[in-house]
Amino acid sequence: MRWTSGYAAVVNGDDEASDSLGYDFEVTWRDTTRLYEVNALSDPCAERVECELGPSEVEAARRHAPGATATASC
């Protein structure tokens, strides 16, 4: 597992970590790598919770989606 968020750059001194990657963790298992974006709430969860993805998160999702190309658009 690799922590990739901007906080990893500060806490671990990882020069390659950045919020611009669009995900917070890379987890490699067998022949795949899973990318995880983590969000948190400070208030108790309501019945339905929504969150917005930032531009880097949307681009990472497009770039890594099966069959997608880096030039995909909404």
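Modeller: Two strands are said to pair if DSSP finds at least two bridges between them, and strands (E, at least two residues) and helices (H or I, at least four residues) are DSSP runs numbered from the N terminus. This is a predicted model, in which local features need pLDDT of at least 70 and side-chain atom pairs count only at pLDDT 80 or more, while totals for chains, interfaces and linings use all residues. Residues are numbered from 1 along each chain as its sequence is written, and side-chain values use heavy atoms, with hydrogens and water left out.

Colleague: How do you know that β1 and β2 pair?

Modeller: Two bridges join β1 (residues 2-3) to β2 (residues 25-29), and the definition asks for at least two, so they pair. The strands run antiparallel, and Arg2 has Glu26 in β2 as its bridge partner.

Colleague: What joins β2 to β3?

Modeller: Five bridges join these antiparallel strands, Trp29 having Thr32 in β3 as its bridge partner. The two strands form a hairpin with two residues between them, and Arg30 in the turn has a positive phi of about 55 degrees.

Colleague: Why is Val10 called exposed?

Modeller: Val10, in helix α1 (residues 6-12), has 70% relative accessibility, and exposed means over 50%, buried under 20% and partly exposed in between (1.4 Å probe, protein chains only), so Val10 counts as exposed.

Colleague: What makes Val38 partly exposed?

Modeller: Val38, in the loop between β3 (32-36) and α2 (55-64), counts as partly exposed because its relative accessibility is 46%.
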